[in-house]
Amino acid sequence: MGRFSEPLAVQFAELADVRAGQRVLDVGCGPGALTAQLVERLGSGAVSAIDPSASFVAAIMARFPDVDVQRGVAERLPFADGTFDAALAQLVVHFMTDPVTGLAEMARVTRPGGLVAACVWDHAGGTGPLTAFWQAVHDLDPGARDEAGLAGARQGHLADWCATAGLQHVEAGSLTVEVRFATFTDWWEPFTLGVGPAGAYVSRLDQAHRDALRIRCAQLLPLAPFHLFASAWSVRAYV
Ligand SMILES: C[S@@+](CC[C@H](N)C(=O)[O-])C[C@H]1O[C@@H](n2cnc3c(N)ncnc32)[C@H](O)[C@@H]1O
């Protein structure tokens with residue numbers, strides 16, 4: 001998903017109007033697509049990052065030794081009130097156990113007048129980066145559970161939660177990225193790594209079903225090289 005999340009991070013940082021001189025928190029930093037974009041714009045010393053995964057935290061520490069990286073969840077942020085000018089969560093809210101508490105915590109650690117922003121792929125509306133994958137899955141296994149039901153994956157969810165979390169001037173929108181794949185294998189290979197709900201689905205298949213899914217995906221996608229568009233719902237709101 002890094003192929004999609006890296007260009008998304010550029011647009012998301014633009015949306016949040018991240019500028020030199022600010023101090024910004026990256027919530028659910030994962031392997032660092034957004035962290036890298038924040039470091040480029042602000043410098044390492046102005047970026048804090050947090051994620052519950054020990055391996056992601058270790059990877060960010062190795063990649064950005066001067067970034068303040070912590071292990072933890074959005075729902076309980078280990079920072080004082082008003083520490084940051086902005087708190088951002090890229091592709092994270094749909095994984096939170098309690099999105100409203102997570103967004104309220106992001107608001108708490110952001111200064112009055114500061115910005116909270118989030119984005120989540122449009123898994124429910126058919127324009128997400130995994131749309132072709134889940135379509136192929138459903139063609140072969142109609143009962144399979146996809147990611148459409150994940151929190152925030154539908155238009156309006158993020159904005160509703162921001163309002164419930166007590167944020168002001170909530171602005172909903174969407175961001176679209178375009179990614180080029182040189183070969184079908186480039187596109188398929190990440191699904192075989194067991195990462196996320198899609199990877200977990202593939203890892204549960206025996207070889208014959210895995211081959212059938214790969215062939216169905218290849219039928220649904222354009223001939224390589226091809227470009228795919230993917231959209232994410234976005235929100236920005238003020239403390
Ligand atoms: C799809 S990844 C996104 C990573 C990164 N923000 C990016 O755009 O590449 C989702 C991340 O959310 C993290 N996560 C899951 N639950 C979380 C929670 N409750 N609070 C903060 N992060 C969480 C996961 O560990 C994972 O790194």
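Which residues have the most contacts inside the largest nonpolar core? Some notes on that and on the sheet follow.

1. Leu 88, Phe 133, Trp 187 and Leu 213 do, in a core of 53 residues. A nonpolar core here is a set of buried Ala, Val, Leu, Ile, Met, Phe, Trp, Tyr and Cys residues joined through side-chain atoms within 4.5 Å; buried is under 20% relative accessible area with a 1.4 Å probe, protein chains only.

2. Before going on: this is a predicted model, with local features needing pLDDT of at least 70 and side-chain atom pairs counting only at pLDDT 80 or more, while totals for chains, interfaces and linings use all residues. Residues are numbered from 1 along each chain as its sequence is written, and side-chain values use heavy atoms, leaving out hydrogens and water.

3. Leaving aside residues up to four places away in sequence, Trp 187 touches Ala 132, Phe 133, Phe 181, Cys 217, Leu 221, Phe 226 and Leu 228 (contact: heavy atoms within 4.5 Å). Another core, of 28 residues, lies apart from the largest one and includes Phe 84, Val 120, Ala 159 and Ala 237.

4. Now the sheet: it is open and mixed, with seven strands ordered E3-E2-E1-E4-E5-E7-E6. Strands are DSSP E runs of at least two residues, numbered from the N terminus, and two of them pair if DSSP finds at least two bridges between them. E3 (68-71) and E6 (168-181) are the edge strands, each with a single partner, so one side of each has no neighbour in the sheet.

5. E1 (residues 24-27) and E4 (residues 84-90) run parallel, joined by three bridges. Leu 25 sits opposite Ala 87 in E4.

Terms used. Helices (H or I, at least four residues) and strands (E, at least two) are DSSP runs, numbered from the N terminus. Buried means under 20% relative accessible area, exposed over 50%, partly exposed in between (1.4 Å probe, protein chains only).
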